[in-house]
Amino acid sequence: MTTSVDLMVAGSTVRVLVDSAPAPAPGVPTLGPSIGEYPCYDTVSYARMTDDEERNRRFRAALARLTAGRVVLDIGTGADLLWARESLRHGARQVVALEAMAESYRRAGTWLADPGAGERITLLHGNSTDLDITPKADVCVAEIIGSLAGAEGAAAVLTDARRRHLTPYATVVPHRCVTLAAPVAFRQLFAGGPVAFAADSLGYLKTIFDWHGAPFDVRLRVTHPSRDALLGEGQVVEVLDLNGHLPLEQRRSVRLTIDRPGVMDGVLTWLRLWCLPDGEPLDALRVASNWASIYFPLFDSEQPVEAGDMLDLTVTSTLSEDGVHPDYHLDAVLRTAIAGTRTASHSSPYRGGGFRHHPVHRHLFP
Ligand SMILES: C[S@@+](CC[C@H](N)C(=O)[O-])C[C@H]1O[C@@H](n2cnc3c(N)ncnc32)[C@H](O)[C@@H]1O
């Protein structure tokens with residue numbers, strides 16, 4: 001069941017289609033806006049990260065190996081000062097922790113009362129790209145990785161950090177992140193459930209729209225998507241090598257092979273992350289974590305496909321106006337045995353870029 005809810009944004013009303021279930025059962029697919037790239041972090045989203053054992057055990061293993069006796073920089077420490085405190089636990093000589101959001105910075109400060117923390121952790125408020133720090137750090141932990149790996153601006157932030165904040169041979173955690181994509185039909189991600197925003201995502205939608213000053217076609221974040229919706233193997237469409245070549249902008253073309261008959265109208269993307277080069281990767285579609293998946297619409301309607309059909313997909317990321325967060329653009333050519341060739345494209349800027357452009361967004365914002 002769905003219902004419509006009116007949000008007030010910049011003096012006008014935005015109607016949103018909402019799942020009427022007050023709280024979906026655990027493991028059920030849910031829809032919300034992608035939030036990590038916006039100043040949306042609240043108690044709930046920090047708790048989800050602080051309690052994310054799949055993520056945390058990988059970060060802990062990396063910090064245990066790298067931080068003893070070192071100067072550590074924690075970019076985006078969050079309200080729980082998490083990786084700064086963890087680095088201290090493993091014997092870091094000194095830690096500088098940076099947090100951009102004022103309320104999160106204030107809450108992080110309360111952890112400095114812990115024994116030893118106040119003396120060895122320096123907590124600063126602001127964006128890493130605007131701040132100066134001393135001394136330069138030997139290790140940088142930067143959990144500014146999105147469900148779409150680069151969406152939170154990791155490439156620009158780490159490029160700036162390497163230039164200004166880190167020693168020449170500093171190590172960054174995580175080590176590598178990639179985004180994968182596979183063909184899907186949006187409706188099928190919800191396994192017969194309502195195709196509508198979860199009630200608890202309304203606050204985030206309002207925060208994002210208020211921050212921008214108007215509604216726009218937000219990226220669509222799907223938790224627990226039905227794996228049956230995937231019509232083929234995922235392929236890597238974005239790479240962030242945080243200890244290697246890290247371009248600010250990138251363009252990747254892949255051929256996605258459809259491996260069974262069905263319908264598709266877009267692609268589902270998700271994160272795979274390595275905290276250490278030899279560590280076990282976290283694949284956000286295979287293990288439960290705070291990272292979800294992002295659906296990008298391509299075609300206006302569902303396209304029938306057969307096993308052996310192909311989707312040629314090019315994903316381009318370019319820096320948005322703020323010089324940090326990427327805009328994404330997708331170009332696709334669907335090659336089917338029965339219906340021939342169809343082309344489609346989709347732009348997903350960091351902010352703005354139109355409202356209710358695609359049928360999926362018109363459905364969600366009726
Ligand atoms: C995904 S959360 C991670 C929080 C915490 N480090 C953790 O792993 O649980 C990212 C945090 O980084 C902050 N942030 C993002 N980019 C930043 C930057 N360039 N400088 C400082 N803080 C940043 C956000 O406000 C947010 O609190």
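**An exposed residue, then the ligand**

Tutor: Let's begin with Ala191. Ala191 counts as exposed because its relative accessibility is 57%, and the cut-off for exposed is over 50%. Keep in mind that this is a predicted model.

Student: Where does Ala191 lie?

Tutor: Ala191 is in the loop between S9 and H7. Its phi is positive, about 50°, although Ala191 is not a glycine.

Student: And Arg356, what's its phi?

Tutor: Positive again, about 65°, and Arg356 is not a glycine either. Arg356 sits in the loop between strand S20 (340-348) and helix H8 (359-364). With a relative accessible area of 32%, Arg356 is partly exposed.

Student: New topic. How many residues surround the ligand?

Tutor: 21 residues surround it, and the closest are Tyr46, Arg55, Gly76, Trp83 and Glu99. By class, the shell has 11 nonpolar, six polar and four charged residues.

Student: How far is the polar side-chain atom of Tyr46 from an oxygen atom of the ligand?

Tutor: 2.6 Å. For Arg55, an N or O atom of the side chain is 2.7 Å from a ligand oxygen. For Trp83, a polar side-chain atom lies 2.8 Å from an oxygen atom of the ligand.

Student: How much of the ligand does the protein bury?

Tutor: The protein buries 93% of the 590 Å² that the ligand exposes when taken alone.

Student: Which elements give two or more residues to that shell?

Tutor: Helix H1 (43-50), helix H3 (82-89) and strand S5 (94-99).

Student: Stay with H1. Which residues are buried there?

Tutor: Ser45, Tyr46 and Met49 are buried in H1. Seen down the axis of H1, the buried residues fall within an arc of 100°, so they line one face of the helix.

Student: What covers them?

Tutor: The cover includes helix H2 (53-66), S5, helix H4 (102-109) and helix H7 (202-212).

Student: What about Asn56, buried or exposed?

Tutor: Asn56 counts as buried, because its relative accessibility is 2% and buried means under 20%. Asn56 lies in helix H2. Its side chain makes a polar contact of 2.9 Å with the side chain of Arg55. Leaving out residues up to four places away in sequence, Asn56 touches Met49, Thr50, Asp51 and Trp83.

Conventions
Residues numbered from 1 in each chain as written. Predicted model: local features only at pLDDT ≥ 70, side-chain atom pairs only at ≥ 80, totals over all residues. Heavy atoms only, no water. Near = heavy atom within 4 Å. Polar contact = N/O pair within 3.5 Å; in protein donor to acceptor, adjacent residues only side chain to side chain. Areas by Shrake-Rupley, 256 points an atom, 1.4 Å probe, with all protein chains shown as cover. Helix = DSSP H or I, 4+ residues; strand = E, 2+ residues; numbered from the N terminus. Nonpolar A, V, L, I, M, F, W, Y, C, P; charged D, E, K, R; others polar. Buried < 20%, exposed > 50% of the residue type's maximum accessible area, 1.4 Å probe, protein only. Arc of directions from axis to C-beta. Contact = heavy atoms within 4.5 Å.
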